[in-house]
Amino acid sequence: MNQFRLLRRNLRFHRRANVAALLGVAVGTAALTGALLVGDSLRGSLRERALQRLGGVTNAMILPRFVRSYLFVGDIRPAILLRGIVESETQGRTRRATDVSLMTHWREFDSTQPPSPLRDLLGGHFRSPPRNTQAMPEQPRPGEAYLSFTLAKELGLSEPGKIRIRLPLQAAVSRDNILGRKSVAESTRVIECRAVPLATDDPRGYFDLTSAMGQPRIVIANSLDLSPNETKPNQVNAFLQAGSDPPALHRPQFDDFGLTLRSVARRSNELMKLIVRRGTEGLTSRDYRRRLAESMVQAADTSGDKTVTYDELLAYFTRRGTIDLESESLLLSPPAVEAAHATAKELNVPATSTLVYLANSISDGTTEIPYSVIAAVEPQSPAPFGPYLDPSEPPLADDEILLADWPESPLAAKRGDTITVRYFLPESDGKATETSATFKLRGKVPLTGVGADPYLAPEFPGITDKLTLGEWDPPFPYDNSKIKKRDENYWDRYRATPKAYVNTAVGRKLFGSRFGFATSVRFAATSNEDANRINETLLKKLRPEDFGLVFEDVRAKALVGSQGGTDFGGLFLGFSMFLIAGALMLVSLLWKLNLEKRAAEIGLLFATGFRIRTVRRLLLTEGLIVAALGALLGLVLAVGYGLLMLKLLAALWPDAGVASFLTLHIEPQTPIIGFLGMLLLTGLSVWWSLRSLRHVAPAMLLRGILSPSPLGGEGLAVRGLNHRPVSANPS
């Protein structure tokens, strides 16, 4: 009889004991693999939920400003995505939901469930429900909105009703900037509309680009309601993409970067569109009075008929001699300034950076001028950027200042006198902090030529668009009682023309911030050809990523967020350790009992010439075969164990919505880990039980005694079997 036949007959003869051990192994495998399956299911369910909530979106771009909806080429879905507050009045009680996702309708991408071959083999009963991939319905009508089931429940709306939506205004200037609007009234707008709750299984109510695992609170509104500018209905602040190929910008314009290139023609066109009444051929005194600086009108009106024509505007801005790059956020970002100077260098066009700020007061120690524009320039630059200071004189020092030669100025300071400038720190951090800087008066700048340029300062709503100083509505503390008639006269005559000048280095130090160090970059150019060259070259120099035009991999972010910080497999494995340890102890005891019953059989094998290593290998192989069969059975039981644990979790979880997405997932490696892990543990248990054979003599085994030899040591007879061959035929 060979060893294979002996092994097979032993398995059959000792089948009762083997079945008992097999069941013990099956229980251990079910506990081990089932715990891992619960971890797989939690991770897989959260992963599927995260991907389903993306609606097929893999990459997204959400901007802090609105841009053209056709900015990118490719299968890109434009949308408006905002965060706001929603209120409802139900039964005389106001209910409010904060941090609500507000969006417009967009056509959903097709989304597929991540593959899981082993799970699919189990049949549809254990699969996650398929995702509804039908196209999104049309967007709500203007004045109407759809609410996700979760939000409708929070607002107490079971039927259509009225809601108020409070939306943050897309401010160009940051609230952390002293020039940014800070109050709630100034930074929000309110929309009232009719709300229609969505069904619980409506996929529109689950769309969410964040990695949060809670139930999303969503409002889907008409694009006309969410758009901040009714005159620009094709403006959006988000782009959604399915796929990994980076989309290309479609004919980028300066508006897409939050920039404006004010050429001679553009400035003339803006003035004519802003002021000219229909049917007139130019700007009359009724059109421009208190809207344009009188000094500018006199310089432009070369005919002297008190009517400024389009050709005269062109001529005026041509004589001014610059094309200006400005930002809608007032301060140009460093990348924009770098690109502008690189453009000037490539085209061999002179350019300079200018920083304009607002001083609360300029004082000589006796009297003061309130609310004056101060500019940081290179005072000795040649035309058209200057000069404000005679180039033959020494450069303007860091502690020196130039004042406008204003006839009505109350300051009687002379050269060398101390001038104190009080101003708000550029970065407000939510509050206005006033500080001051002291200079020595170097000289005065005539209010002619470059010294009478009201367009050196960029446009700022609430200041430059007001007819008088008393009407100013700035975002910082403002006391119009300080305004005198002479100040109003200056505003009428010169508008935002600076009243003081410092050098560029000092301006950057005092008025610069993390938001930028320049309000404009001026090119010494005026012709349409120059404007076209600057426009084309500068657009090539501007990098989209420097202005937030970058797609984020929201799919990867959602997958990372779905994993969380907890190893669910390890957690439930720890919970099941007592059951697994108990099963291993049971298997070990069963094998110990089996060996004691087979002690005489083992002794007979030794007596007939089998070596101890051969016997141990035979018994270990027998145990591993039983363990393998038990482990296979345990894999089947593990599925039931996992399903039972998932139902228990869904019942006990604080969030009732978990039961809607918590389903069984089986990763390919999990059954392999469970099978091999339990096989290894069982094999170690069997091997440990067989170690005692080295300490028992064959004579005692033949008598049915498995305890060690009373002589001590390793057992002489067994040790002899390890070193001397016997004459009996082991086969």
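This is a predicted model: local features need pLDDT of at least 70, side-chain atom pairs count only at pLDDT 80 or more; totals for chains, interfaces and linings use all residues.

Biologist: Is Leu680 buried or exposed?

Modeller: Exposed. Its relative accessible area is 55%, and the cut-off for exposed is over 50%, so Leu680 qualifies.

Biologist: Which residues form a nonpolar patch with Leu680 on the surface?

Modeller: Leu681, Leu684, Trp687 and Trp688. Together with Leu680 they have about 550 Å² of accessible area.

Biologist: What about the second largest cavity, what is its volume?

Modeller: About 70 Å³. Its lining residues include Tyr371, Trp472, Asp487, Arg495 and Lys499. Strand E17 (368-377) and helix H12 (485-494) are the elements that give two or more residues to this lining. By class, the lining has seven nonpolar, two polar and three charged residues.

Biologist: Changing topic. How many salt bridges does a search of the whole structure find?

Modeller: 30. In one of them, the side chains of Glu154 and Arg217 meet at 3.0 Å, N to O. Glu154 is in helix H4 (residues 149-154), while Arg217 is in the loop between strand E8 (188-197) and strand E9 (218-221). They are 63 residues apart.

Biologist: How exposed is Glu154?

Modeller: Partly exposed, at 33% relative accessibility. Arg217 is partly exposed too, with a relative accessible area of 21%.

Biologist: What does Lys541 form a salt bridge with?

Modeller: Glu346, with the closest N and O atoms 2.7 Å apart. Lys541 lies in helix H14 (residues 528-541) and Glu346 in helix H11 (residues 334-347), so the pair ties together parts that are 195 residues apart in sequence.

Biologist: And Glu427, what is its partner?

Modeller: Arg514, with the closest N and O atoms 2.3 Å apart. Both sit in loops, 87 residues apart.

Biologist: Which residues do salt bridges that share partners join into one network?

Modeller: Arg262, Arg266, Arg267, Glu270, Arg320, Asp324, Glu326, Asp453 and Glu459.

Key. Residues are numbered from 1 along each chain as its sequence is written. Side-chain values use heavy atoms; hydrogens and water are left out. On a 1 Å grid over the protein atoms alone, a cavity is a set of points where a 1.4 Å probe fits but cannot get out, and a pocket is an open set with protein on both sides within 12 Å along at least five of seven lines; lining residues have an atom within 4 Å of a point. Grid points are joined across faces, edges and corners, and a volume is the space filled by probe spheres set on the points. Helices (H or I, at least four residues) and strands (E, at least two) are DSSP runs, numbered from the N terminus. Ala, Val, Leu, Ile, Met, Phe, Trp, Tyr, Cys and Pro count as nonpolar, Asp, Glu, Lys and Arg as charged, and the others, Gly among them, as polar. Patches are made of residues with over 30% relative accessible area and no salt bridge: like charges are joined within 9 Å, nonpolar side chains (Val, Leu, Ile, Met, Phe, Trp, Tyr) within 5 Å. Accessible areas come from the Shrake-Rupley method with a 1.4 Å probe; for residues, only the protein chains shown count as cover. A salt bridge is a side-chain nitrogen of Lys or Arg within 4 Å of a carboxyl oxygen of Asp or Glu. Buried means under 20% relative accessible area, exposed over 50%, partly exposed in between (1.4 Å probe, protein chains only).
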